[in-house]
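Dear colleague,

Please find the structure below, together with its sequence.

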Amino acid sequence: MDDHIKGGKKGSKVIEELKNNPDTEELSAVLTSTSHNLPQTAKDCKADDDIEKTFKRNHMIDVVRKNT
């Protein structure tokens, strides 16, 4: 999920809500962004992983495979 998606919530907030809900806490969630502090933001919202933009396709595939 992109941290800067359109709408009223950042992607990190959506992930945080998913991870804090017992019904959805087991869903895999990967945070993406161009932010310089992405690893810390991902950790703070309990994302399973992060992908810094711009990313290489093979790296994205590796992260998705690792988190499915």
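In what follows, two residues are said to touch, or to be in contact, when heavy atoms lie within 4.5 Å. The model is predicted: local features need pLDDT of at least 70, side-chain atom pairs count only at pLDDT 80 or more, and totals for chains, interfaces and linings use all residues. Residues are numbered from 1 along each chain as its sequence is written, and side-chain values use heavy atoms, with hydrogens and water left out.

Overall fold

The protein chain has three helices and two strands, where helices (H or I, at least four residues) and strands (E, at least two) are DSSP runs numbered from the N terminus. Along the sequence these elements follow the pattern α-β-α-β-α. The chain has a radius of gyration of 12 Å, close to the 11 Å that the globule rule gives for 68 residues, so it is as compact as a globular protein of that length. That radius is taken over C-alpha atoms, and the rule is 2.2 Å times the number of residues to the power 0.38. Of the 68 residues, 32% count as buried; buried means under 20% relative accessible area, exposed over 50%, and partly exposed in between (1.4 Å probe, protein chains only).

Helix α1 spans residues 11-19, and its buried residues are Gly11, Ser12, Ile15 and Lys19. Seen down the axis of α1, these fall within an arc of 100 degrees, so they line one face of the helix; the arc is that of the directions from the helix axis to the C-beta atoms. The buried residues of α1 pack against β1 (30-33) and α2 (38-44).

In soluble globular proteins, nonpolar side chains tend to be buried together. Not counting residues up to four places away in sequence, Cys45 touches Ser12, Ile15, Glu16, Lys19 and Leu31.

Thr41, in helix α2, is buried, with a relative accessible area of 17%. With residues up to four places away in sequence again left out, Thr41 touches Asp3, Ser12 and Leu31.

Strand β1

Ser33 lies in strand β1 and is buried, with a relative accessible area of 1%. The side chain of Ser33 reaches the backbone nitrogen of Ser35 at 2.9 Å. Beyond its neighbours within four places in sequence, Ser33 is in contact with Asp3, His4, Leu38, Ile51, Glu52 and Lys53.

Loops and backbone geometry

Leu27 is found in the loop between α1 and β1 and counts as partly exposed, at 45% relative accessibility. Leaving aside neighbours within four places in sequence, Leu27 is in contact with Leu18, Lys19 and Asp48.

Two backbone features deserve a look. Most residues other than glycine have a negative phi, and most peptide bonds are trans. Lys46, although not a glycine, has a positive phi of about 70 degrees. Lys46 lies in the loop between α2 and β2 and is partly exposed, with a relative accessible area of 45%. The peptide bond from Lys53 to Thr54 is cis, with omega near -5 degrees. Thr54 is found in the loop between β2 (49-52) and α3 (57-66).

With kind regards

How values were computed:
Polar contact = N/O pair within 3.5 Å; in protein donor to acceptor, adjacent residues only side chain to side chain.
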